[in-house]
Amino acid sequence: MVSHALHGRTSELAALDRLVRQAKHGHSSVQVLRGETGIGKTALLEHVAEQASDCQLMRLAGVESEMELAFAALHQLCAPVLGALDALPEPQGDALRVAFGLRAGPPPDRFVVALAALSLLSTMAERRTVVCLIDDAQWLDRSSAQALAFVARRLQVERVAMVFAISEPSSATEFAGLPELVVRGIADEDARRLLASEIRGVLDEGVRDRIVAETRGNPLALLELPRGRTPAGLAGGFALPDPGRRQPPRRAGAGAHGYSIDLLLMSDRIEQRFLQRIAALPREAQQLLLVAAAEPVGDVPLIWRAFAQLGFGAEAAETAQAAGFVEFGARARFRHPLVRSAVYRGATRPDRHAAHRALAEATDPATDPDRRAWHRAHAASGPDEAVASELEHSASRAQRRGGAAASAAFLERAAALTPDPSRRGSRALAAAQAKLEAGAPDAAHALLTTAALLPLDDLQLARVQRLRAQIAFAERRGSDAAPLLMDAARRLVPLDAPLARETCLEALAATIFSGRAEDATGVLEVVRDAPAGSPPGASDLLLDSMAIRVTDGYPASVPASRAALEAFQRDGGTDPQSNRWLWLACRVAADLWDDATWHELAVRGVRLAREAGALDVLPIAANYLAGAYIHAGEFDGARTLLEESSAIVELTGTAPLIIGSEMLAAWQGDEHGARELVAARRQLADASGQGVAMSMAEGASAILYNGLGRYEEAMAAAERSCAQGELSLFAHGLVELVEAATRCDRPDLADAALDRLSERTRASGSDWAVGLEARSRALRTPGPDAEALYAESVRRLTAACAAPHLARAQLIYGEWLRREHRRLDARVQLRAAHDTFTRIGADGFAERARRELLATGETTRKRSAASRDVLTPQEEQIARLASEGHTNPEIGARLFISPRTVEYHLRKVFPKLEISSRKELRAALGVTARRADAPG
């Protein structure tokens with residue numbers, strides 16, 4: 001079949017041969033083959049396998065019936081090399097062992113499993129070039145698809161080649177952005193030669209041309225459609241559209257009979273041709289093919305046991321293999337996925353049930369209870385409580401092995417098989433919750449609709465309402481979620497007080513994103529009527545403080561907020577319930593201008609998320625730690641965390657709760673980058689009603705333009721930032737508005753902003769808050785009285801870990817001194833500001849300080865090209881982490897690349913920086929001393 005299908009594939013073969021050569025020479029290569037069913041993708045993979053005969057060949061084929069089984073495809077790929085797991089870092093090796101059912105343990109996170117797969121391939125490639133061939137990638141289970149796409153995007157200098165084949169149309173998005181090769185139909189002349197190779201005798205020329213045109217050069221269609229047909233039979237109009245069926249559009253240049261055949265119709269007809277040939281086999285051979293088609297991983301011993309359960313003998317294998325449909329080696333392998341689907345779909349329902357029943361009985365309940373339950377479920381001819389109950393129990397085991405997605409699949413099937421309506425509603429509700437946790441809100445919504453139509457008790461009805469609100473928040477992060485969650489919280493109060501409080505906190509979190517306090521109407525009643533336990537936990541205190549915040553305002557909430565933050569500090573990460581809300585505690589600390597607590601809790605949040613592999617939490621935790629770094633002037637660390645967050649979001653396909661990239665770009669004075677990021681954020685925020693996102697975007701613009709000295713634009717942006725409401729990043733916008741309005745001679749606007757700012761900063765009382773107020777008030781104070789305020793601002797911000805804010809205070813103080821004709825004093829402040837801005841990379845403010853220094857008569861140069869201008873972004877990240885003492889494996893784990901790739905980049909960094917060892921990196925990069933408790 002390979003030789004046939006390679007007619008007319010010169011360019012495709014050249015590209016794939018080049019891919020294998022590159023891998024053998026140490027340059028990783030990835031290629032995604034896309035094309036319709038039967039177009040020849042599998043044949044191209046076979047060609048790659050032949051060219052890679054001297055390599056470590058790793059293969060898998062996606063199985064449609066296995067799409068709900070987490071990590072099943074990855075297990076199929078890695079099965080031949082599982083002996084190398086011991087060479088991986090322990091957390092990664094353990095994650096793969098649990099994912100593959102080799103040992104018990106808590107559910108492995110998809111991120112850790114993906115990183116382990118990357119390390120495994122990298123380790124294997126140290127000994128021998130690795131070539132991975134993944135056929136029918138559109139049918140991979142989602143966990144495996146995400147892991148393999150993650151690996152493909154991070155291979156760089158390993159001796160690894162990966163080729164994915166995807167049949168179109170496909171809804172799989174995991175491989176978007178990888179290098180693609182669209183496999184199209186072969187040319188007409190090649191198609192004629194291929195068709196002639198399959199037809200014995202003389203074929204009517206008109207019929208031949210019609211077949212060539214309608215199959216559009218699809219090799220499998222050309223090979224399979226004529227089989228079993230004589231030229232006379234073909235002359236009757238073979239493969240024409242069915243009567244009454246809408247004809248497909250005419251293909252340009254196809255001739256009088258050049259209708260483009262419908263893909264689904266073609267696939268159905270190809271399957272029918274397979275079925276006709278399969279029907280000619282003995283009954284035993286047909287049943288063996290069905291058992292092999294129903295067994296997802298092609299476990300040959302299991303297939304033989306199941307076949308024996310049906311009372312047949314192994315001699316049927318010879319007949320099935322001789323017919324060319326399947327081969328039984330280490331695994332059962334069909335010649336083409338359409339054979340598998342033809343066998344399975346063509347079987348009668350009783351035969352399919354019998355095959356699954358035999359597989360269930362042949363599966364050891366002690367070693368693989370989940371797969372046994374899965375086959376029992378497919379063997380059930382109708383509702384069956386015993387099977388549904390077994391599936392429900394398997395759901396918890398499946399979650400330990402494959403996470404929420406695996407649990408959701410079992411619960412969904414359990415609900416479908418449950419005869420009792422009340423119990424079916426309960427299971428459908430549980431399945432909907434699991435689907436949401438697995439990142440599938442659409443599926444959750446469908447199950448929730450089913451559950452809502454069944455008999456539910458009051459608590460379950462309240463949980464339906466809560467889940468419906470959670471889905472709304474997950475899908476949009478918009479302004480509609482908070483009121484829905486508050487309604488659910490009120491309904492839960494008499495039914496489940498702890499859950500009511502949890503839902504109320506979710507509502508308040510959603511309110512933070514909407515920026516509208518009115519969305520949390522009734523929060524105090526919920527808090528009052530569903531009191532916390534004794535003693536209250538950190539999350540209980542956080543709820544109480546947030547309730548006061550949205551009802552009575554910021555100043556009234558400060559004591560309760562401090563008490564909540566102290567509880568989080570005392571907890572130390574021991575309470576899982578509190579850990580879930582660390583990100584919101586970071587937000588409260590930021591609102592209080594408590595930089596030390598913000599940093600402490602953010603570091604803990606990132607550490608705990610990494611240790612647990614909690615990819616739903618890690619992006620938001622990384623963003624809040626990045627925010628702490630930005631305000632501390634540690635821009636490089638912030639950028640690394642933001643890129644880490646984006647990489648995880650890309651891997652998981654989840655929506656980030658907040659991204660600080662535009663704020664970082666604004667502080668760095670990157671006008672082009674900041675404007676692009678702000679525009680994108682505005683569009684998203686406007687569509688979803690996210691007040692906090694709009695406030696952040698406009699606040700970033702205000703910082704950017706204040707730094708560039710374009711105060712009219714800064715004032716307009718700051719006004720828009722403050723207009724989003726007091727739950728947004730309101731206070732930071734007020735700081736920018738005071739300065740911009742003062743420079744634009746708008747005293748009314750500046751004074752009003754200062755009054756609102758002072759209400760908050762005085763309630764906070766932190767050095768950071770008081771320092772910002774003193775700086776802002778000095779701008780509004782005429783004459784010599786301003787100096788004492790400037791001095792207090794510098795003193796207070798020096799005590800806080802807020803380098804860019806301190807440098808801005810020194811800049812503004814220096815500007816005031818110069819206008820007071822005190823040039824020597826001005827130079828002291830301006831030089832300190834300029835040095836800080838230059839060191840941290842705040843280029844816009846650095847240039848503003850340089851201009852002021854020139855005005856005092858002091859000469860200074862523009863910032864020279866630093867390492868960030870010499871090194872690529874990835875080289876700079878690697879160099880910075882290496883300068884902090886991290887090993888290559890540790891750096892690889894942080895940046896989602898292999899240790900070999902880290903070594904490759906360091907070999908390029910050293911000559912660029914004119915150094916010869918890692919110990920020289922710190923000095924070469926000008927890295928400032930990091931805080932001892934920084935993560936990593």
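I call a residue buried when its relative accessible area is under 20%, exposed when over 50%, and partly exposed in between, with a 1.4 Å probe and protein chains only. The model is predicted, so I take local features at pLDDT of at least 70 and side-chain atom pairs only at pLDDT 80 or more, while totals for chains, interfaces and linings use all residues. Residues are numbered from 1 along each chain as its sequence is written, and side-chain values use heavy atoms, with hydrogens and water left out.

Entry one: aromatic pairs. I count rings of Phe, Tyr and Trp (its six-membered ring) as a pair if their centres lie within 6.5 Å; planes under 30 degrees apart are stacked, over 60 edge-to-face, the rest tilted. I searched the whole structure and found 13 aromatic pairs. One of them is Tyr790 with Tyr813, stacked at 5.3 Å centre to centre with 10° between the planes. I see that this pair links distant parts of the chain, 23 residues apart: Tyr790 is in helix 40 (residues 785–799) and Tyr813 in helix 41 (residues 803–819). Helices here are DSSP runs (H or I, at least four residues), numbered from the N terminus.

Next I looked up Phe837 and Phe845, which are stacked at 5.3 Å centre to centre, with 25° between the planes. Both are buried. I also noted a cluster: ring pairs link Trp581, Trp583 and Tyr624.

Entry two: charges over rings. I require NZ of Lys or CZ of Arg within 6 Å of the ring centre and within 35 degrees of the ring normal. Arg352 lies over the face of Tyr344, 5.5 Å from the ring centre. Arg743 lies over the face of Tyr711, at 5.9 Å.

Conventions: Helix = DSSP H or I, 4+ residues; strand = E, 2+ residues; numbered from the N terminus.
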